Amino acid sequence: MKLSYRWLGEMVDLTEADPDRVQHKLTFHTAEIEDQEPVGAGLAALLTGRVTAVRPHPDADKLRLCTVQTGEGEAPVEVVCGAPNVAEGQVIAYAPEGATLPGGPDGAPITLERRTIRGVESCGMICSEREMGLGEGHDGILVLPADTPVGVPFAEACAIDDTIFEVDNVCVTHRPDLWGHLGWARELSALLHKPLQAPALLDLAELPSEGEAFPIAIDDEAGCRRYVGIVIENLTNGPSPLPLRRRLEALGVRSIDLLVDLTNLVLLEQGQPLHAFDLRDVRGGEIRVRSAAEGEVMNTLDGQARTLTAEDLVIADGEGPVAIAGVMGGENSEVRADTTAILLESATFDPLRIRRTATRLGLRTEASSRFEKSLDPELALQAALRFAGLVKHYMPEARFTRPLSDCYPRPYAGLELYLPYSLVRRRLGTRIADHRVRGILISLGFQATEDGDGVAVKVPSWRATKDIERPTDLVEEVGRVAGYHRIASVAPIAPMTPKLPRPVRALERRVAAVLSLELGHAEVKHRSFYSAKEAERIGLGAVAHLRVVNPSSEEHSHMIQSTAPDMLHTIVRNQVRVPSGTVWEGARLFVPRAAALPLERAVFSLASWAPDEVSPGAQFLAMLADVQALLTRLGITGAEVANAESPALCEGLPATTWLHPGRTARITRGEATLAVVGEVLPAVARRYEVAGRAALAEIDADALLVAHAERRVDYEPVLRYPVVPFDVAVIVPRTTPAGDVQRTMRAAVDGSIRDLHVFDVYEGEGIPAGERSLALRCELFDRAGTLSTKAADALRKRITDALSGAGWTVRRS
Amino acid sequence: MLDQLQALQATALDEVRAAVDVAALDVVQSAFLGKKGQVQQVLRTIGKLDPKERGPVGRAANEAKQAIEAALEARKAELLAAADANLAETEWVDATLPPPAGSRASGRGGSIHPITALVRDMEDVFLSMGFETLDGPWVEDDHHNFGALNIPPDHPARDMQDTYWLTDGNLLRTHTSPVQVRAMETRKPPIRAVCLGRIFRNEELDATHENTFHQCEGFFVDRDVSVGHMIYVLESLLHEIIGPDVKVRLRPSYFPFVEPGFEMDVTFRGDWMELLGCGMVHPYVLEAGGIDPNEYSGFAFGMGIDRLVMVRHGVEDIRHLMSGDLRFMSQFTGGLEG
C-alpha cells in the first residue's frame with residue numbers, strides 16, 4: 001500500500017516533520033514503512049506560463065508559434081508547439097531550456113536544448129502530461145485552470161511534488177483502520193502531538209428527511225453487517241481535475257472519471273470501499289444483499305463472466321445480480337461518462353465470505369483486500385457522507401433526492417476494557433507513568449478514564465473489529481507509542497534446571513563429528529521433494545508417495561521415500577570436478593499412512609564415488625567400513641553385517657531395488673536394521689550417468705538412537721597369560737561369506753579365541769572353480785593359565801573339525 | 001710399549017680433534033676403543049709381558065683409554081653444540097609444502113554444512129540458559145501450524161505463509177511455531193524451549209528464494225515474563241553468534257500468534273539488519289495450549305537461519321545451501337564443537 005506525504009500533511013500538521021521523520025516515526029511506532037520515493041522532483045524546473053499569442057508556423061501546417069509569458073517582468077519566449085489544443089490565454093506548464101523531462105518521445109528522460117524547428121528557433125517547450133510523466137495524455141498540451149498563478153513552479157502550483165511511502169502490508173493485517181490515509185494521519189497526530197484535522201463530511205441534514213429512502217434489504221445478515229445507500233442526481237460526470245488525477249495515479253490507481261475517481265479517493269482516504277451504481281441500471285428500483293444462487297452467472301466490470309456459488313454474496317437489483325459484494329461491480333450497472341444519477345453503496349461485508357470469494361475467483365481487489373480485514377461498520381456511513389461532500393464540492397449542482405438508506409441490523413455496541421497499570425509494567429517489563437498510559441490511549445482516539453489502579457477504556461469503533469479485544473492489546477498500544485526503545489533488557493529469574501541436549505540431538509552431533517571430522521565426509525543438505533519422474537527413474541514409480549497438492553514446480557511434487565535420487569544427482573554434479581568423494585546428510589523420509597500424520601523416518605544417508613574400482617567392490621566395502629567405524633565410534637556393539645538383496649531400511653520404506661544384488665549389506669543389531677549399505681546397481685548408475693562406481697548407505701536414525709542408548713563397555717579382565725597364534729586356510733563356495741566361517745570358528749572354541757580376522761582371500765589356480773580360499777588368523781588363549789601345547793592342539797582340532805563339519809575344506813592349518 | 005701407547009694416544013687425540021661430525025667421531029671411537037680397537041689390542045698383549053712391566057703398561061693403557069674417552073666426549077659435546085647452533089639453516093624445511101603422502105591429514109576432506117554449524121552454536125547458547133531443545137514433525141496438521149496459533153481458516157494472515165498442502169490433507173510446516181503448541185500440550189509452565197529445524201514455503205526458486213528453510217523458534221512461558229526478558233534472552237543469543245558489540249532494536253510488527261508483535265533489527269557490519277520476528281505469546285495461543293493467560297505470560301521468537309548463514313559467510317545465492325555442490329560445501333571445514 002502506498003501513502004502520500006502531502007495528503008497526510010493535509011490531515012495533520014507536518015511542517016516540523018519531513019518525510020524521513022514521518023517514515024521513522026511510523027516505522028518505529030506503528031508499522032514498517034519500507035520505502036519512500038519523491039514524485040514530481042524531476043519537474044522542479046517547470047514553471048506555469050500563459051500563452052499570450054498563437055501564430056501559424058511559416059513552414060509547417062501542424063506547428064504553431066506561441067508566445068509564452070512566464071511572469072511579470074520576464075521577457076516573453078517564443079515556443080514552437082505541435083499540439084492541436086494550444087490557444088491564446090491558456091495557462092500551461094512551460095519547460096525552459098535546460099529542464100529535464102521524465103517522459104521523452106522514447107519514454108526515457110530528455111533534457112531540453114534550444115533548437116530550430118523548420119527554420120524557427122524554439123525556446124523551451126509547452127508540455128503534455130506524458131512528457132511530464134504525469135499520465136498518458138498526449139493528445140495535446142496540459143491546460144491548467146485559468147486561475148492558476150503564472151510564473152510560479154508548476155509542481156507547487158498543481159500540488160504535484162510529493163513523497164510516496166510504501167507500507168509493508170503484512171504489518172497492518174490486523175489494522176483495518178490503517179488501510180486508508182485517515183488512519184495513518186491519526187497515528188501521526190498521536191506520535192507528533194498535533195491535532196487531527198479529519199476531512200469534512202456532508203452534513204446529514206443536507207439529505208432530505210421526507211420521502212421514501214431507496215429500498216435496500218439485507219437478506220443475508222451474516223454476510224452483510226451494514227449497507228448505506230445515498231441517491232445523488234443531477235450529476236455531470238467527466239474527467240477529474242489534474243490534482244485529483246495526480247493524487248490517485250501517484251498512489252497507483254488509474255483515473256477513470258470524476259465519479260469513479262471520487263469513490264477511489266474515499267477508499268484511499270477512509271479505507272472504506274465504495275461502489276457507485278448508475279441509477280438507470282438499477283432495475284426494479286430496489287437493492288438486495290443476498291447469497292448467490294448456485295451456478296448463477298454474472299459479468300463483472302472487467303468483462304469476465306463469473307460463475308458463482310451459494311458461498312458468494314451478491315448485490316442484486318429487482319432482476320438479478322449487479323455486483324459481487326465487496327469484490328467487483330457488474331458490467332451491467334457501472335458508472336459511465338454520461339451517468340447523471342447514482343446510487344452510492346457503502347457497506348460492511350463479512351470478511352471471511354469476501355476473502356473466500358475473492359480467493360476462489362482469483363480477484364484480489366483493493367476492495368476485497370480491505371473487506372477481508374474486518375472493516376468498522378461505523379465507517380460505512382462516514383465514508384458515504386465523505387463521498388457525498390466531495391461530490392457536492394466538485395459538482396455543486398448535484399442533488400440529494402432521497403433520504404439516507406441505512407440497513408444496520410446490529411449496530412456497534414461499543415467495547416469497554418479495563419487496563420490495570422500493573423499489566424503494562426508486567427508485560428513490557430518497564431514502567432510507564434500512569435498519566436502517560438492514559439494520555440497515549442486518548443491520543444489514539446480511545447476514551448480512557450482513570451479507575452482505581454488502571455484505566456477504564458472505551459475502544460473506538462475503528463479499532464474494535466478483530467484488532468483490540470483484550471487488555472494486552474492495549475498494552476501494545478501504550479508500548480509502541482511510548483517507544484519500544486525505552487524497554488530495558490532484564491535477565492529473567494528462573495529455576496536452575498540443568499538442560500543437556502536431548503539424546504537424539506546429542507547423537508546427531510556425534511554422527512556429524514565422526515562422519516565429517518573423523519571420516520572426512522562432506523555434509524550436504526537436499527530438499528525433501530522429488531518429481532514423479534524421479535520416483536519412476538529410481539524405481540519407486542509404483543510406490544504410494546505423500547504428494548504436494550500445490551507444488552511450485554514439478555520437481556517438487558513428491559515427498560521423498562529415499563535419499564538415493566538426490567544423492568545420485570549430487571554424485572553426478574560433483575563428478576565433473578571432484579573425481580572421487582564422499583558426502584552425507586541427515587534427512588527425513590515420508591511414508592503415507594492412515595494415522596493423523598504420516599510416518600517421518602529420520603535417516604543418515606551417505607554416498608561415495610570413484611572413477612575406478614581399485615579392487616572388486618572397493619566402493620561398497622569402503623562404505624561399509626565407514627558405517628561400521630561410525631557404529632564403533634558411537635560405542636554401539638553387537639552389530640552384525642550380512643549380504644542382502646534389496647533390503648528395506650525399515651517396515652514401510654521401499655525395497656532398495658537400486659542397489660547391486662551382489663554388493664549390498666544389511667547391518668543389524670538384534671531384530672533391528674541399523675543400516676543398508678550397497679553399491680549402486682550398474683543399470684541405475686547408467687540411467688543417472690554416474691561415472692565409475694558409487695556406493696550409498698542409509699542409516700536408520702531411530703534404530704541408531706536405540707542402539708546408542710544401550711551402549712556400554714563390558715570390561716574383560718586384561719589377559720595375563722601368553723596367547724598362541726593360529727592361522728587357518730579354508731576353501732569355501734564363492735558366495736559363502738567369511739562371516740559364516742568366522743561364526744563357525746568362534747562357536748567351536750567359544751571363550752578361547754580372539755582377534756579373529758581374514759588376512760587373505762584367494763581364487764584361481766589350485767582352488768576349484770566356483771570356490772575360494774579364505775585365510776584367517778586368530779589367537780587362542782586360556783584365561784586361567786598358560787595354554788599347554790596339548791590344549792592348544794585340542795582347540796585347533798575343534799576348529800578344523802567344525803570347519804570340515806560345515807562342509808568346507810581345510811586347506812592348511 | 002709405553003712409547004707405543006703414548007704415540008697411540010697422541011694419534012687418537014689428533015683424530016678426535018680432526019673429526020668433523022658425530023659419525024666421524026664414532027669411527028674414531030671404534031678404531032681406538034672398540035673391541036678390536038687399538039687400545040684393546042695393546043691391553044690384550046699385556047699378558048705376554050714381563051710381570052714387572054704389566055703394572056705400568058696396564059696403568060698407562062687405562063690412562064690412554066680414559067684420555068681418549070674424555071677427548072671423545074668433549075669433542076662430541078662440541079660437535080653437537082655446533083650442529084644445534086646451526087639448525088635453522090641445516091635442517092630448514094619449507095613449511096608451505098604439502099604433507100607427505102600417507103600422512104594422517106593428507107587427502108582428508110570432511111566438512112560440516114554451515115546451517116548445521118550455526119544451529120549447533122545457537123543450541124549451545126540456549127542450552128546454557130536452561131532452554132530445552134525440541135523437535136517436531138515436518139508434516140503438520142492445520143491445527144498446529146495455524147489454528148492453535150490464532151490463524152483460523154480464511155484468516156488474511158494465511159497470505160503471509162505460502163503453504164504447501166499435501167495429498168493427505170496435512171501441510172508442510174511453514175514455521176517452527178507448531179512446536180510451541182506441541183510443547184504446551186505436554187508441559188506446564190515454566191517452559192523454556194527452542195526448536196531449530198526445517199520449514200517449507202511455497203516459492204519458486206531463484207538466487208534469493210528457496211522453498212526449504214531452517215528456523216529457530218524459541219519461547220519462554222512463566223509468571224510475569226516481559227518484553228524486557230525477551231530482549232535479554234535475544235541479546236544473549238546474538239552476542240554469542242554475531243558478536244559482543246551487536247546492538248538490537250525493536251519495531252512494531254504483526255504476527256497473529258503474538259501480542260504485541262515485533263521485528264528485531266540488529267547491527268551487522270555497521271548497518272541495521274532485519275533479523276527476526278518476536279513478541280509476547282498471544283493469550284489465545286496460551287489458552288489453546290491449555291495455559292491460563294491471566295496467570296502466565298510468555299515471549300516467543302522465530303528467526304531464519306538460512307539468511308543469517310548467508311550474511312555470516314557472504315553467500316550470494318541461497319540455492320548453494322541445498323545444492324550438494326562440494327565446491328561450496330567443502331569450504332566449511334570446521335565449526336562444530338563436539
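Domain bounds here come from an automatic or database domain assignment. All views show a predicted model.

**View 1. The two domains of chain B.** Chain B is assigned two domains. Domain 1 covers residues 2-90, and domain 2 covers residues 114-329. The C-alpha centres of domain 1 of chain B and domain 2 of chain B are 83 Å apart.

**View 2. The side of chain B that touches chain A.** In this interface, 71 residues of chain B contact 80 residues of chain A. Several elements of chain B each supply at least two residues to the side that touches chain A. The helices among them are α6 (114-128), α9 (227-241) and α12 (326-329) of chain B. The strands are β1 (132-134), β5 (212-222), β6 (248-253) and β7 (258-268) of chain B. α9(B) gives the largest share, six residues. By class, this side of chain B holds 31 nonpolar, 20 polar and 20 charged residues.

**View 3. A four-stranded open sheet in chain A.** The strand order is β39-β40-β38-β41 (chain A), and the pairing is antiparallel. β39 (753-762) and β41 (809-812) of chain A form the edges. Each has a single partner strand, so one side of each lacks a neighbour in the sheet. From one strand to the next, the twist averages 30°.

**View 4. The pairing of β38 and β40 in chain A.** Strand β38 (residues 724-733) of chain A runs antiparallel to strand β40 (residues 771-780) of chain A. The two are joined by 10 bridges. V728(A) sits opposite L776(A) of β40(A).

**View 5. Two helices on the sheet of chain A.** Helix α19 (residues 738-748) of chain A lies across β38, β39 and β40 of chain A. Helix α19 of chain A runs at about 145° to β39(A). Helix α20 (residues 789-805) of chain A also packs on the sheet. Its contacts are with β38, β40 and β41 of chain A. The direction of α20 of chain A makes about 10° with that of β38(A).

**View 6. The surroundings of G330(A).** G330(A) belongs to the loop between β22 (328-329) and β23 (342-349) of chain A. Buried residues have 20 or more other C-beta atoms within 10 Å of their own. G330(A) has 23 C-beta neighbours inside 10 Å, so G330(A) counts as buried. Leaving aside residues up to four places away in sequence, G330(A) touches M298(A), N299(A), T300(A), L301(A), P321(A), V322(A) and A323(A). Q304(A) is 26 residues from G330(A) in sequence, yet their C-alpha atoms are 9.5 Å apart.

Technical notes. Residues numbered from 1 in each chain as written. Chains lettered and ligands numbered in written order. Predicted model: local features only at pLDDT ≥ 70, side-chain atom pairs only at ≥ 80, totals over all residues. Contact = placed C-beta atoms within 7 Å. Nonpolar A, V, L, I, M, F, W, Y, C, P; charged D, E, K, R; others polar. Pairing = 2+ DSSP bridges. Axes fitted to C-alpha atoms, helices over the stretch in contact; angles between N-to-C directions. Buried ≥ 20, exposed ≤ 12 C-beta atoms within 10 Å, placed from the backbone.
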